[in-house]
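Work through the exercises below with the sequence and the structure in view, and read each solution step by step.

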Amino acid sequence: MNPQAIIDGLISGSTIGLGAIGLTLTYSILRFANFTHGDFLAWGAYLTLTVAGVLGGLAAGLGAPVYPFSFGWGLPLAMFGGVVLTVALTLGLDRILFGRLRARGADAIIVVMASFGASMALRSLLEFIFTAKPAYFTKALQIAKPLGLGMRATPDQLLMIGLTALLVLALHLLVTRSATGRAMRAVSENPGLAGVYGVDVDKVIRVTWIIGASMACIAGVMAGLLVQIRPYMGFDLLLPLFSAAILGGIGSIPGAMLGGLIIGLAEAFAVQIVGAEWRAAISFIILVLVLMLRPQGLFGQREA
Amino acid sequence: MTALSLADLQAGYDPDLPIVKGVSFTVKKGEAVCILGPNGAGKSTMIKAVAGLVRSFGGQVHLGGRDVTGLASHVLVRNGMGFVPQTENIFTRLSITENLQIAAQLLPRQDRAGRIEAMLDMFPDLGSRPRELAGALSGGQRQMLAAARALLTEPQVLMLDEPSAGLSPKLVAQVFDTLRRISQTGVTLILVEQNVRAALALTDRALVLVDGKLAHDGPTDALHDGKFLGELFLGNRADEAIR
């Protein structure tokens with residue numbers, strides 16, 4: 001077996017894990033499976049691409065690659081803009097759709113169906129604006145460098161893994177050590193009681209969207225940078241995202257990340273062992289196994 | 001001075017089927033009041049409506065002279081309302097200290113640690129293991145944590161919904177002893193309770209609610225004779241009082 005599968009799995013697992021973090025937070029605090037989350041990844045990538053284009057038009061030097069990476073300073077700056085715009089998109093969607101359903105006390109299944117519809121609308125809108133033709137942040141070629149033990153990775157890939165580790169650590173500390181995180185955990189357990197404790201539940205919901213959208217945008221940019229940008233890129237990741245969130249345990253940030261890495265590694269090894277055509281099935285198999293054997297996931301808590 | 005007043009409050013889950021049907025009363029600052037009544041009388045719904053957890057369809061609620069009708073629960077807490085629900089009144093997945101820290105966010109930063117310490121001193125059962133998950137506490141200890149959380153922000157009015165529900169007689173005595181200590185601090189206490197004898201012993205005044213309406217409002221002394229209360233609960237006198 002080629003050990004390169006470990007690096008490949010860690011790289012795709014990083015993207016899945018970051019995406020799954022937003023999904024698991026939305027699931028635990030807003031209490032519905034948000035099918036639009038995959039599209040937030042795609043929108044994040046396209047919005048970043050658009051901002052990068054604007055920045056490139058303003059200052060051509062920003063697009064020049066910075067050694068050893070395949071992209072210039074324009075991309076991190078554009079990603080910041082992309083995060084802001086993706087957050088605005090999610091908050092807008094919450095205001096016009098999910099927030100109204102919450103206020104009416106709609107059943108979870110209604111909200112899930114609404115998210116399914118919104119997902120299709122968002123995806124179609126992307127295709128309408130940007131067409132289905134793949135787009136790229138950079139067309140510069142990178143040579144993968146040897147890491148030892150038969151593994152190789154490009155500087156972009158290593159940067160993505162490092163960035164993911166930093167983001168997960170920062171988010172974990174935010175949720176476990178800060179007042180905002182305590183309020184999020186409180187709302188996740190019992191939103192009505194959180195209000196009695198003095199927690200502004202609407203504010204916590206906004207913070208959840210902000211974190212989820214930010215992570216989705218960054219995951220979308222990572223996926224776009226390492227492969228390509230397509231309107232369906234988020235939709236294609238939806239099953240791995242759900243599998244990772246459920247495998248890690250709903251509400252757990254380290255769990256979502258670990259779930260993402262496990263899915264990524266399982267996919268990479270499956271490609272080598274049983275063939276690339278089975279890659280998509282891996283997430284589904286893991287999801288079914290987790291739901292049958294340990295529905296609360298690795299770090300989740302069993303319902304009382 | 002009035003701590004809380006209700007004027008013709010109507011509340012429930014469906015505007016066509018109100019559970020609380022026009023209740024009015026006033027509670028003075030520092031007073032300890034119990035709300036009694038048979039099952040389904042609307043006692044819990046009424047204090048939940050006052051606490052912002054159940055919709056009110058009509059009438060007004062004033063807290064410390066300010067109209068707080070229809071305000072969200074977190075806004076009411078910031079205005080001096082403390083409420084301890086009957087069940088699910090603590091966050092079981094958070095530690096004892098974290099439960100208190102959430103409530104302490106409403107206080108000025110410099111006061112938070114001191115108030116948490118004060119609550120842990122007031123309830124030694126909690127103070128001896130502040131990092132333990134609240135879910136590991138016994139029923140009585142959970143009620144103490146819920147009360148400590150509500151007291152932490154020094155509310156003008158503290159409302160408790162059946163704090164003795166589901167507890168063993170020993171724990172009930174423990175909880176009422178805690179409530180007695182709380183009442184002695186001068187906090188306005190409003191207690192919904194099924195344990196009539198314990199509630200009457202703790203409070204100065206009793207309100208009896210029957211079928212969503214106030215059937216009696218007077219000193220607790222008048223109710224120590226169980227016959228009068230029985231008649232109120234069972235209907236004869238309640239019908240007359242409501243009429």
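**Exercise 1.** Decide whether the radius of gyration of chain A agrees or disagrees with that of a compact globule.

Solution. Begin with the rule, in which the radius, taken over C-alpha atoms, is 2.2 Å times the number of residues to the power 0.38. For 304 residues this gives a value near 19 Å, and because chain A has 19 Å, the two agree. Then turn to the box, taken along the principal axes, which the C-alpha atoms of chain A fill at roughly 55 × 50 × 35 Å.

This is a predicted model, in which local features need pLDDT of at least 70 and side-chain atom pairs count only at pLDDT 80 or more, while totals for chains, interfaces and linings use all residues. Residues are numbered from 1 along each chain as its sequence is written, chains are lettered from A and ligands numbered from 1 in the order in which they are written, and side-chain values use heavy atoms, with hydrogens and water left out.

**Exercise 2.** Find what percentage of the residues in chain A is buried.

Solution. Apply the cut-offs, with a 1.4 Å probe and protein chains only: buried is under 20% relative accessible area, exposed is over 50%, and partly exposed lies in between. By this rule, buried residues make up 51% of the 304 residues in chain A.

**Exercise 3.** Classify Leu289(A) as buried, partly exposed or exposed.

Solution. Since its relative accessibility is 43%, Leu289(A) counts as partly exposed.
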